[in-house]
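Please look over the sequence and the structure below. The text after them goes through some of the parts in turn.

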Amino acid sequence: MADIEIHMGDIAVAKDEDILIASGIGSCLVITFYDPKQKIGALAHTMLPARRLSFEVCNSKDERRKTNYESPDTRYADTAIDEMLKRIEAQGVKRENIEAKLIGGANMFSAFTSDIGENNISYAREKLKKVGITIVDECVGGSQGRSVEFSVASGIVTVKTKF
Amino acid sequence: MPKTKEQKLTKMTDEAAKNASQALTKLSGEKVTVEVSKTGITKIQRKFPDIEPETIVAGIYLPITGDVKGASLLIFPEKIAYTLCDMLVRRKAGTTRKLTELDKSALKEVGNIICGSFLTVFSNTLKVKIVEHVPSFSFDMFGAVVDVIIAGFAQKAEDALVIEVKFVFEHANIKGYVVLIFGLEEMKVIMKALEMGGLNTLTLYCESKTSGAGE
């Protein structure tokens, strides 16, 4: 059994007694996948909806290829979902058995004009629908920080707030 | 970073710290000395000030526009925010247990003063127009407070220049962090002005430390 802390932009697949943890989530969006039959889970701690803007900061085709195609950038929900699917399916999980949960996407500052949190939520919902994954529960939005503990053995996702 | 550029940057931050201390002295009614203790380049995704993600902090966020666009963030851990409010609102030490609207407003003003001091010096020295906007307040887990700022710049920049500053108060022990971040394009303007290539984000990380009661 291990407690595995998933930092911003990271993903992990786990099984047995492992607990996946993501602490202090604000606008970031945590996406969990769980196969209740095989008791295999995955968690992504995503920061942004899609990688579109990363193209803007790449000056050359080589850089662009390196940044966006050769290694999946799991800071973004779109690539993180694809990568989680790839890894969890490699463990023998069937897509139709995967249950997804979304946590986070808060707006911590009213002065922050671009609502990254809300964009993260809506993009993830769209993307999951597109790849055929069912969302079974959500704890999203608002203006509160959250911490997530995902017990892979039970499939239970516990969301903590400080207030 | 070339030594001459580092010296220029240090000179700027020293001047900013001096201005910040004068303004804080006026606001708090106590003598405050601000010192830059260190600077460094780091990844904004990973190496923010060493506070645990679930630690409750008061965060004051001020958007930055003008020739350079970015964000400034002032962070005080919970107990330190209370101590600071005791001083700012002229309460007996150790009496603030919960932040009122007045406390939040006072902390926002501190954000204005501290961040404004650094931004003014940067603007004047580098000859770039930097406009600081109305502050916004959040009191929650550190990770949650900073992740929106990190996310906002993660798509534009990865490296950050971190500058640590200590604030020495006369009668209290205060620790805080000021973080200034500029995006890649904006940072080019600053880099050009500073003539130090290679960096793409600037973070000012200030640790305010005072002697005596508090923490």
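Helices (H or I, at least four residues) and strands (E, at least two) are DSSP runs, numbered from the N terminus. This is a predicted model, in which local features need pLDDT of at least 70, side-chain atom pairs count only at pLDDT 80 or more, and totals for chains, interfaces and linings use all residues. Residues are numbered from 1 along each chain as its sequence is written, and chains are lettered from A and ligands numbered from 1 in the order in which they are written.

In chain B, Lys8(B) is part of helix 1 (residues 3–28). Lys8(B) counts as partly exposed because it has 18 C-beta neighbours inside 10 Å; a residue is buried with 20 or more other C-beta atoms within 10 Å of its own, exposed with 12 or fewer, and partly exposed in between, with C-beta atoms placed from the backbone.

Chain A has an open sheet of five strands in the order 2-5-4-6-7, with mixed pairing. Strand 2 (11–15) and strand 7 (134–140) of chain A are the edge strands, each pairing on one side only. Two strands pair if DSSP finds at least two bridges between them. Strand 4 (residues 29–35) and strand 6 (residues 99–104) of chain A are antiparallel and share six bridges; Phe33(A) has Ala100(A) as its bridge partner in strand 6 of chain A.

Helix 3 (residues 116–130) of chain A has 15 residues. Among its buried residues are Ile116(A), Tyr123(A) and Leu128(A). Just after helix 3 of chain A, Gly132(A) has a positive phi of about 80°.

Definitions and conventions. The expected span of a helix is 1.5 Å times one less than its number of residues.
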